[in-house]
Structures are given as structure tokens and as C-alpha cells.
Amino acid sequence: MTREIYAVRSPALRKLEREIQDADSYARWLELAHQYDHESGADQWRQRDESRLYDSDSIRTRLRRLRRLRNSGDDHRLLFALNEGIHGNMAGMGKAKLYQRAKSGTKVLIEDYINEIRDALEYLSPRELESISWAERIEFFQRASHCYGRSALMLSGGGTLGYFHFGVLKALIEQKLCPVVISGASAGAFVAAIVGTRTDEEYLALFQDNYLARALTANRGNIKIGFGQGEKIDMRAIKKEMARMIPDMTFQEAYEKTGRSINITISPAESRQTSRLLNHIASPNVTIRSAVLASSALPGVFPSVQLQARNPDGEVKPYLPSRRWIDGSFSQDLPAKRLARMYGVNHFIVSQVMPGLGREPNMRPGIRKITSDASIAATKEVVRGCLGFIQRYTSVGPRLGVALNTLNALIDQRFTADINIFPSYGMSSLTMILKMLSEEEMAELIRAGERATWPKIPAIRVTTRIGRTLDRILHAFEVDEAHWLRSAPQTDTALETRPIGSVRKNKKASPRRRSKRATAVIDRKAGSMARA
């Protein structure tokens, strides 16, 4: 029992901790994590099914049932059993504490159960399976995907500290665990734009020979930034540097190339405006560069920004020309609610670079936690009430109105999620927020993001496995449909607006003719799904 208490660490554990901190790859980190769990007793905890954190009996019963039905080939009962419940918190197995006790994973029973669901889904996925109709199975897969949801990665703002996100994404992409949905605010928007306009191979190529660190610091002497210098900043130099790293693409064009759903948050520069979440769904023609400029426009450092978009003729024109926008972190640093509504996301991974805002919710249930939560909620209500009183009963100018709205939005924000990736540096790093880093400092910050992600990979791999399996099955289905459409006869109802029967008599319709738009849509769909 004493081996399970982390507070009492043997010299062997302390030695392993130092080696883990110095690991030069995820493979080495995982090897050392297994050794640490063995020495600390955490592997024994993983092997034991029972825990007060979840209903192990329910999970064990369902695991045995699913395994028996799949092995016996009883496909109809297997589908029925899967229909009874596919969600990430079945019997409490999604609780965060279950993924914090051991470094190398959670309860083996939970991992076995999730693996069995994955195997059952893949077993039922071949189109040629004859025991259950394809229509019934695809309906189930779509319903299960909707109910189970998917994951999103949210990149916080943080000035120069935001380069930490590059390492986070590198680690996730190398392990093929990067969510399709990614949001970014301020510095996070810059990182999201770079990954959102590149394939996995192109993104990982940025780290060869330290290219990314060199590219981000090549002209640092030509750019001077600081508070109160907004009018003195050379925005042409800023835009030129941004153009070196972010291709000239709209949100729609980036999505068509990579299949990633990039979301960038921006805040209003004037009162009586609302914040926006820019992406290929809500603002497909907006240029990503202008969105990043707007989301990074920290008041007092950069001037507010007007968005730009590409019109049907391919020309870049002002978008909402009467509006100006500022730093997205002020209104929605981590836009969880909007991502949930737009993409069906219910599992969030956060890369939070701001020290002080990132803290694991590890306080145990009890009077202390209840008192803490109540005091925080009461403080928020008092501050909100004061702000509302000032705005309602006093004369507030435009600038003060924006400041009050921004403060109100900051109060309502949450800065943590289901899985949180925090840096190891402390509050002293705040002095680096507007610092132009050297190549060595940049490389070290990126490396810090990579190292901080490794301990979270086992939890991310387990908690996203079912969602990734469902997405893969549905992607394969859509590719099959796209290939079928490419070789099948064209119908009026598929691609044209005129009703059936409007074709004149005695005139033969061309079954192979297809509009350029339809052909492009089908080709693009098949290509993006194949890459996914």
C-alpha cells in the first residue's frame, strides 16, 4: 500500500523522474513511464479492476458480453448491445482522475473495454457483411458518432509563449492523435493557421534541421513591439513575416487541402458588437492571414484590424468593412461552447500557455471544494453586477464600454478542459510575452510543448479511440459514396434543381454528363477523405 503513495518517493523513483524529464523522445518517455509505474505500484493499481471512481462491475459485464457476441458471430445481438450505450463516460470510466493515477495509462479493464468496442465497430464495418443490411449499420454508425461526439484541440493565447503550441501539435501529429477540430486565439490563432494550411507531412517537415525556429526568428531585429507603441509598429513588416509562414488561403481553401477544421476567435473593437468564431463553415471566404492579424491585435500593442475575404472573382476585398476586431483571447480564449454547437464536440484538449490560468482540478470533493466553488461563483456575480450597474446607470464612452465588455467576457471564461497540457515554467515567464526570442529560446519553447504533451498521450489515445474509429468508418463510407458517384449515371435530382419529369419528351438525357462544379465537389470529397 505504501508503494502507491506518491508523496513518499524512493531514490529509485526520484532517479526515474529525472530521467523522464530528460527523455529525448516519446518512445523513451513511455519506456521510463512503465518503469516508474512498476516501481511506484501504479501498475498494480492498473491491474485491479475495482475503484470508487467508476463502476467496474458494469464495465466488466459489458466487456464479456460484447466479446462473447463478437466471437460467436451473433451480429444482430452485438449491434443491439452496442446500441445500449457508446459514450465516453459509461459507468464513470471517463473521469479525469482515472487517467492521472498512472503515467502509462488507466485501468486495464477500461482499456480492454474500449478496445473491444473498437474491435466490434470494425467487425461490423465491412460493406460486404451480409448478416445486417448496410443501411441499418450506417445509420447506427452515424447515430453513434453523433451521440459519442468528437474531440477538439484548443490553443490559448499568450503572446510569444504561444510558440509552445508548436511542440504540442508536433507530438500529437507524430502519434496520429491530433483532432480534426482545432481552435486558436491570439498567438494560438497563428499556430492554428500554420497547422491548418499544411498536411501532416508538411507540418512535421517544419521541424527538420530546426527550420521552424530559424524561420520564426530570422528577422526578429526588424520588428519592435511593446505596450503603447501601436502607432509606431510597422504593420507592413508584420504582414510580410506572417506571409512567410501562412499561405494565402481562405478558411474553405485550407479545409479542402488538409481536412482540418480550423477555428480562429476574434473580439469586437467596439461596443454593441459580438465576438466571432471564424472557420470554413461560418466564414469560408475570409482569408486566414487577416483572421490571425485580427485575433492577435492586442490593445495597446497592435491596432485593431479589418477582416478581408476573397470574392467570387478571386479578388481580396474588405469583409464587414465597418467593423474592426481585436485579440480573440479577450472574449473566447477557449471557445468550447461554440465548438460543441458547431461540430458536436464533447471532449476537449487544451494547450494553455499562460501561467496561473492552467491548473488541474485536483481538489477532492468535500466542504473545502464546495466552499471554494461557491466563493468563486459569488465573486463572479458581484463583479458582473457592478459592471452591469456601471454600464446601465453611468455615462460610458466607447473605449470604456469595450473595456467593460471585455472584462465581463473574461470573467465568464474557463481556461481548463477534459485534458490539459500545461508548461512547466512559472509566473516569471510572463516577462517573455512580448519578447522577440532567439533561435535557441524558440527551439527550447517548442521542445517544452512537446515534452509537456508526452504525459497526456496515453490518456488522449484511450479517451479518443472510439471517436477516431467511428470517424474512420464514416470517412471510408463517404469515400465509397464519392467513388460510386464518379462512375454512376447522373440524375436530375442529384445535381440539378429542376424537378423530375421536366426533361422534354423525345430528348435523351446524357447519363454521363456532369457539371464542373459537381465533378469538383466529388473529386475534392474523395481526395480529402482519402487523406483523412
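Biologist: What pLDDT does the chain average, and over which residues is the pLDDT below 50?
Modeller: The pLDDT, which is the predictor's confidence in each residue from 0 to 100, averages 80 over the chain, and 73% of the residues score at least 70. Where pLDDT is low, the predicted coordinates should not be read in detail. The pLDDT is below 50 over residues 1-7 and also over residues 490-514.

Biologist: How is helix α4 placed against α6, roughly parallel or oblique?
Modeller: Two packed helices are described by the angle between their axes and the distance between the axes; the axes are lines fitted to C-alpha atoms over the stretch in contact, and angles run from 0 to 180 degrees between N-to-C directions. Helix α4 (residues 56-72) packs on α6 at an angle of about 30°, with the axes 10 Å apart. Angles under 35 degrees count as roughly parallel, over 145 as roughly antiparallel, 65 to 115 as roughly perpendicular and the rest as oblique. Therefore α4 is roughly parallel to α6.

Biologist: How many charged residues are in the contact of α4 with α6?
Modeller: Contact means heavy atoms within 4.5 Å, and the residues that make this one include R60, R62, R67 and R70 of α4 and D112, E116 and D119 of α6. Asp, Glu, Lys and Arg count as charged, Ala, Val, Leu, Ile, Met, Phe, Trp, Tyr, Cys and Pro as nonpolar, and the others, Gly among them, as polar. By class, the contact of α4 with α6 has 8 nonpolar residues, 1 polar and, as charged residues, 7.

Biologist: Which residues does R67 touch, leaving out those up to four places away in sequence?
Modeller: R67 lies in helix α4 and, at 36% relative accessibility, counts as partly exposed, since buried means under 20% relative accessible area, exposed over 50%, and partly exposed in between (1.4 Å probe, protein chains only). R67 and E116 are 49 residues apart in sequence, yet 6.8 Å apart in space, C-alpha to C-alpha. Beyond the excluded neighbours, R67 touches D112 and E116.

Biologist: How is helix α5 placed against helix α6, oblique or roughly parallel?
Modeller: Helix α5 (residues 75-83) and helix α6 (residues 108-124) pack at an angle of about 130°, with their axes 11 Å apart. That angle makes the placing of α5 against α6 oblique.

Biologist: Is I349 buried or exposed?
Modeller: I349 has its place in strand β8 (residues 345-351). Not counting residues up to four places away in sequence, I349 touches A152, L153, M154, P179, I419, I421 and I460. With a relative accessible area of 0%, I349 is buried.

Notes
Residues numbered from 1 in each chain as written. Predicted model: local features only at pLDDT ≥ 70, side-chain atom pairs only at ≥ 80, totals over all residues. Heavy atoms only, no water. Helix = DSSP H or I, 4+ residues; strand = E, 2+ residues; numbered from the N terminus.
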